[in-house]
Amino acid sequence: MLDPNCLFCKIIERKIPATIVYEDELCLGFKDINPVAPVHVLFIPKRHIVSLAEAKEEKDLIGYILTTMARYAEIEGLEKDGYRIVNNTGKYGGQTVFHIHFHLLSGRFLLWPPG
Ligand code: AMP
Ligand code: ZN
């Protein structure tokens, strides 16, 4: 369920601090410690899944997290100017924490394509 050596599992268990902005029975949203936009929130499932590549049986959970993020964005008033949701998977994707997470970025114009 949770991995005692995983940074984000420790945030779920309140073993390390985070600024939690959303929580329900399935997922947690907290502020990124190194924000790259005025709004930078990470959403994670409350179970240890390494990456999107490993999330083979979890399509309902992944869909739930993404739609929950959209509802959160709506409540926070981000819909008007828009936002971006990003998932980094593996080495080429730039993943650095191996507990699946989705970045919610907003508050400034975001360039495309990414670097
Ligand atoms: P990624 O590169 O997609 O794996 O993203 C990992 C993200 O986790 C980065 O944006 C980090 O700034 C963020 N991060 C790392 N440690 C923490 C922490 N203790 N609390 C909040 N965010 C963190
Ligand atoms: Zn974990």
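Modeller: Let's begin with residue classes: Ala, Val, Leu, Ile, Met, Phe, Trp, Tyr, Cys and Pro count as nonpolar, Asp, Glu, Lys and Arg as charged, and the others, Gly among them, as polar. By these classes, the lining of the second largest pocket here has eight nonpolar, one polar and three charged residues. The structure is a predicted model, in which local features need pLDDT of at least 70 and side-chain atom pairs count only at pLDDT 80 or more, while totals for chains, interfaces and linings use all residues. Residues are numbered from 1 along each chain as its sequence is written, chains are lettered from A and ligands numbered from 1 in the order in which they are written, and side-chain values use heavy atoms, with hydrogens and water left out.

Biologist: Thanks! How many helices and strands does the chain have?

Modeller: Helices (H or I, at least four residues) and strands (E, at least two) are DSSP runs, numbered from the N terminus. This chain has three helices and five strands, and from the N terminus they run α-β-β-β-α-β-α-β. The radius of gyration is 14 Å, close to the 13 Å that the globule rule gives for 115 residues, so the chain is as compact as a globular protein of that length. That radius is taken over C-alpha atoms, and the rule is 2.2 Å times the number of residues to the power 0.38. Along the principal axes, the C-alpha atoms fill a box of roughly 40 × 30 × 30 Å.

Biologist: What percentage of the residues of the chain count as buried?

Modeller: Buried means under 20% relative accessible area, exposed over 50%, and partly exposed in between (1.4 Å probe, protein chains only). Of the 115 residues, 37% count as buried. For contrast, take isoleucine 75 in helix α2: its relative accessibility is 69%, so it counts as exposed.

Biologist: Now to the metal. Which residues are the protein donors of the zinc ion (ligand 2)?

Modeller: Donors are N, O and S atoms within 2.8 Å of the metal (3.2 Å for Na, K and Ca), and since water is not among the atoms, sites may look incomplete. Here the donors are Cys6 (SG), Cys9 (SG), His48 (ND1) and His99 (ND1), at 2.1 to 2.3 Å from the zinc ion. Along the chain they follow the spacing C-x2-C-x38-H-x50-H. Cysteine 6, in the segment before α1 (7–12), and histidine 48, in the loop between β3 (39–45) and α2 (59–75), are 42 residues apart, a pair that links distant parts of the chain.

Biologist: Is cysteine 6 buried or exposed?

Modeller: Cysteine 6 is buried at 7% relative accessible area, whereas histidine 48, at 23%, is partly exposed. The C-alpha atom of arginine 47 is 9.6 Å from that of phenylalanine 8, 39 residues away along the chain.

Biologist: And what geometry has the site of the zinc ion (ligand 2)?

Modeller: Four donors count as tetrahedral if all angles lie between 85 and 135 degrees. The ideal is 109.5 degrees. This zinc site has angles of 107 to 115° among its four donor atoms and is tetrahedral.

Biologist: Back to pockets: what volume has the largest pocket?

Modeller: On a 1 Å grid over the protein atoms alone, a cavity is a set of points where a 1.4 Å probe fits but cannot get out, and a pocket is an open set with protein on both sides within 12 Å along at least five of seven lines; lining residues have an atom within 4 Å of a point. Points are joined across faces, edges and corners, and a volume is the space filled by probe spheres set on them. The largest pocket has about 770 Å³. It is lined by 32 residues, and the closest to its centre are Asp32, Val36, His40, Asn88 and His103. By class, its lining has 18 nonpolar, ten polar and four charged residues. Helix α1 gives the most to this lining, with three residues. As for Asn88, it lies in the loop between β4 (84–86) and α3 (90–93) and is partly exposed at 21%.

Biologist: Which residues line the second largest pocket?

Modeller: Val21, Lys31, Asp32, Pro35, Ala37, Pro38, Val39, His40, Val41, Tyr72, Glu76 and Leu78. Strand β3 supplies the largest share, three residues, and the volume is about 150 Å³.

Biologist: Finally, the backbone. Where is there a cis peptide bond?

Modeller: Between tryptophan 112 and proline 113, with omega about 0°; proline 113 is in the segment after β5 (102–106). Look also at arginine 14, whose phi near 65° is positive in a residue other than glycine. Arginine 14 lies in the loop between α1 and β1 (20–23) and is partly exposed at 47%.

Note on methods. Four donors count as tetrahedral if all angles lie between 85 and 135 degrees; four count as square planar and six as octahedral if opposite donors are over 155 degrees apart and all others between 65 and 115; anything else is irregular.
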